[in-house]
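Subject: Structure for your review

Dear colleague,

Please find below the structure that I am handing over to you. I would be grateful if you could read it together with the notes that come after it.

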Amino acid sequence: MRVLVFLSCLFGLASSIVVAPARAQETTEAAPVVRPPRLLEGARPVPPPGLESEREEVLLEIIVGTDGAARDARVVTPVGRGFDEAALEAARSFRFEPATRDGTPMAARIRYAVLFEPPVEPVVEPEPSPDAEEVTTDTDEVAEPEPTEEPVEAAPGPIVDPDAIPDDELATFGATAVVEPPPRDATRRTLTSEVLTRIPGTRGDALRAVELLPGVGRPAFGGGNLLVRGAAPGDSEVFLDGSPVPLLYHFGGLTSFYNSTLIDRIDFVPGNFSVRFGRRIGGILEVDPRDPRRDGYHGNVDINLLDASFVVEGPIGDNVTFAVAARRSYIDFFFNEIVPDGVFSVVAAPVYYDYQANVVWRPTDSDRIRFFLYGSSDELRLVFSSPSDNDPNIRGNFGIVTQFHRGQISWRHLYDSNVEQDVMVSFGWTQLAFNFGEATRLELSTLPVQLRSEWRAQLSPTVRITGGLDWQYSPTDITFRGAQPTQSEGMPNMAAQAGSRVSLDAQANAYRPGLYLESNVRVIPELDVVAGIRVDYFREIQSWTADPRVSGRLRLTPSADDVQVALRAGVGAFSQPPEFAESAQGVGNPDLGPIRAIHTTLGSDLRFVPQRLSFTLDGFYKHIVDRVVGTAGGVPPFYTNAGIGRIYGLELGARLEPGSAIPVFGFLSYTLMRSERQDGPDQPWRLFDFDQTHILTAALVWTIGDGWEAGATFRLVSGNPYTPVVGRINDLSTGVYRPVYGDVNSDRNPFFHRLDVRVQKRFEIGDFRLTVYIDVQNVYNATNREGVSYNYDYTQSSDIAGLPIIPSLGVRGEL
């Protein structure tokens, strides 16, 4: 209730700030005169040794302080071979005439293209005649880097007092001068294209790099799910260009579904996310695809031990660009040679593929339209030669098919310097087919449609308003044959605990409209407050939810300082509908309500700008209510909202970004956390299935020079809890032994530890680049226990070992 009162007061304050000053400006203030920075002096860029005769262009993003000094620089479009480092070295010597607003200096972010050009050969002129006029030229003049013509993708807004602008809100110059809004989330962690494909142990997969960040748990063995701050895998969501993605990885974690070279950045929000997102109580992962290149035709081919992929991109005319990519595995070519004899025969060996097609059209300077097509597919089919000793129902076919395909159209329009709009429509098809012998069969097919539209307006120098529509409709067909579904988490063996078998053929229409409104108010020059509310409707359970959220950021140092310190805080309400199997008539309870959670976060940031070194510290607490749990004995209505949960912990992160004075970059993260659940009012607190008390990750990459790069990643994580078997029962009706379990999750696997190493060498042959790499996971072949298996009568047990050493040798050609 207090949060609602606070939000009401804050929106009222925003309105009072907006109305009077905004109208006064219309009649009494002229538009501010903004001038971009101008280069005064700087060292001529020196090309790498041996490459003086080549022409290259490196696009930099430079922060220019109010004193005209280049306080920070990063590479936007890396070209490699030492040119990136040379461009950054030249930028350190740049001195500018600072940007101004009405004559007052202001901090600014600019984009400059640093050119490396071959030296001009001297021209031998004939000896002039005595009557010729002498002409002199100044050959020592320092060439000024030329500004890029590429429009800057940033939210528009009036230029504000430079001392009140944090590092992520500087005035940006390119095609136009704009101001980026402050973050809308209490905690947001970003990985850019500079580092996404260079992390050891990921096989160059950008989305696997997310596992380096604080708050990200180790996925379950063979699961490949995103585990965020102790939440269940289904509690978090992955978005690609604003559209939810049902499957992140192929076959439980081999590789992600999207080509990493086409990703611009990844934003990870572990909790307290903006009202822009809803229907989840965990975290959010946003994948932002980059626009295809328009400086000519380019492509790359990557071949490694598991799969092969290609990318082709380039311009079509003056205002259209395209990119096409595809990948296919070839495990199926040799899978028959490695399966155990006599256990099962292979009908369809494991195979996966994915594809992407991206066309960007810029009809005007104020419009960008993206046509997007992408998809992913995994398939595996086996036939068991004999029944399982533990359960005779496990015989015959085993198969799994997962695939999704999406078409998407998005439009961004800038109405003027203060108002912009994003509209996105996506549609597609998702299929999940699973059968496990005669025991279980599941077929699910859905045709999801989503409409997302957002409007942003800078109402005054201190107030920004955002409103949006998030509408989803998913007609679904489902066929299920198997044991009555039970609570999925906290149940040690669903098959052993299952009751009667059920058969279900159903159609469901998940209709979920959502609306949200958010204000971003600069209360004082050092403090930004973001407050919003989101309203959702879930037709399948006929429930409405209203979730207010508020976050703030307090800057303790001016944005132009070399050392920047800030505090962050957030609190908010979040809601999530139950899974279809939990609310479907016949196997679930259609009277269930939504799951609800409260997120609280308190954090701090410390950044050393010239050294490109930053530290973060976050404390968090999440309280979950109305959690869906199974009824005692699995009797109707099968599920209730009687469960609760609590998650709390600390996160420490350190990052050294590329472009520092030393040729290395890396990450260090540590999470101390506890995740607990209670399955009913009279039940004891217990550990969550994926509770991981300690999560330590360290990664370091060294750019050695001459095309060589090497790095290593080490991870140390608490083992997952599990429920021990303490006895057995002989089921006389089937002759099968059933286990008797002890307390849920009362035991834990040993610590997981792994070292991954990556070494690569890049060769330059004119415009062609060839990279040879080896990426080795689990270098010292650690035997990590992932679980325990038992014999038929549960009198003997053995450890289930995790993945052994996995070397991946690959080659990538780029043009």
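The notes below go from the chain as a whole to its aromatic rings.

Please bear in mind that this is a predicted model. The chain has 815 residues, of which 50% count as buried. Its secondary structure consists of four helices and 48 strands. Among contacts with a separation of 6 or more, 66% are between residues 24 or more positions apart. The accessible surface of the chain is about 36700 Å², and carbon and sulfur atoms contribute 59% of that area.

Turning to the aromatic side chains, the structure contains 20 aromatic pairs. One of them joins F96 and Y112: the ring centres are 5.8 Å apart and the planes stand at 45°, so this pair is classed as tilted. The two residues are 16 residues apart and link distant parts of the chain, with F96 in strand β5 (residues 95-97) and Y112 in strand β8 (residues 108-116). F96 is buried at a relative accessible area of 2%, and Y112 is buried as well, at 6%.

A further pair is formed by F257 and Y258, whose planes meet at 65° with the centres 6.0 Å apart; the pair is therefore edge-to-face. Both of these residues are buried. They belong to one aromatic cluster together with F372, Y374 and F404.

Finally, two arginines place a charge over a ring. The charged end of R218 lies over the ring of F752, 4.0 Å from its centre. For R677, the charged end sits over the ring of F688, at 4.2 Å from the ring centre.

Yours sincerely

Key
Residues are numbered from 1 along each chain as its sequence is written. This is a predicted model: local features need pLDDT of at least 70, side-chain atom pairs count only at pLDDT 80 or more; totals for chains, interfaces and linings use all residues. Side-chain values use heavy atoms; hydrogens and water are left out. Buried means under 20% relative accessible area, exposed over 50%, partly exposed in between (1.4 Å probe, protein chains only). Contact means heavy atoms within 4.5 Å. Accessible areas come from the Shrake-Rupley method with a 1.4 Å probe; for residues, only the protein chains shown count as cover. Rings of Phe, Tyr and Trp (its six-membered ring) pair if their centres lie within 6.5 Å; planes under 30 degrees apart count as stacked, over 60 as edge-to-face and the rest as tilted. A charge sits over a ring if NZ of Lys or CZ of Arg is within 6 Å of the ring centre and within 35 degrees of the ring normal.
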